[in-house]
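Trainee: Could we walk through this one together? I would like to learn how to read its surface and its charges.

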Amino acid sequence: MLVPLAPDLLQTDLIAAIGLPTVVVARDELGTINHTLLTVDALRSRDLPVAGVVLLGGDANREAIETYGCVRVIEDPLEST
C-alpha cells in the first residue's frame, strides 16, 4: 500500500482517488499474518475502507487475520473452481 507510483503518489493515494473499498489479496504462507495486518492497518489509518481479505493457497491464517484485523476473509476464488 505504501509503494510509490510517482514522486508524490503512493498506492494509497491512488486508492483514495478511486474511492472504492479495497480488497487485500495475500498468499497464505509464512509472514502472511504480519503483512496482511500491516496492510489493513495502513489502509485504515488513511480512512480507506477495507472490503475484505482474500487468502490465496489456503486458510491456515484465516482465524488470526479475522480476529486481530477485525476484517472478513473472503473465499479464495481459485479454490472454488
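Mentor: Gladly! A residue is called buried under 20% relative accessible area, exposed over 50%, and partly exposed in between (1.4 Å probe, protein chains only). This is a predicted model, where local features need pLDDT of at least 70, side-chain atom pairs count only at pLDDT 80 or more, and totals for chains, interfaces and linings use all residues. Residues are numbered from 1 along each chain as its sequence is written, and side-chain values use heavy atoms, leaving out hydrogens and water.

Trainee: What share of the 81 residues in the chain is buried?

Mentor: Let's apply that under 20% cut-off to the chain. Of its 81 residues, the buried ones make up 31%.

Trainee: How many salt bridges does the structure hold?

Mentor: Side chains of opposite charge can pair when their charged atoms come close. A salt bridge here is a side-chain nitrogen of Lys or Arg within 4 Å of a carboxyl oxygen of Asp or Glu. Arg 62 pairs with Glu 66 at 3.5 Å, N to O, and Arg 27 with Glu 29 at 3.3 Å. The structure's count of salt bridges is 2.

Trainee: Is Glu 29 buried or partly exposed?

Mentor: Its partner in the salt bridge is Arg 27, and Arg 27 is exposed at 57% relative accessible area. Glu 29 has a relative accessible area of 43%, so this residue counts as partly exposed.

Trainee: Which helix holds Arg 62 and Glu 66?

Mentor: Both are partly exposed, Arg 62 at 21% and Glu 66 at 28% relative accessibility. They sit 4 residues apart, about one helical turn, in helix α3.

Technical notes: Helix = DSSP H or I, 4+ residues; strand = E, 2+ residues; numbered from the N terminus.
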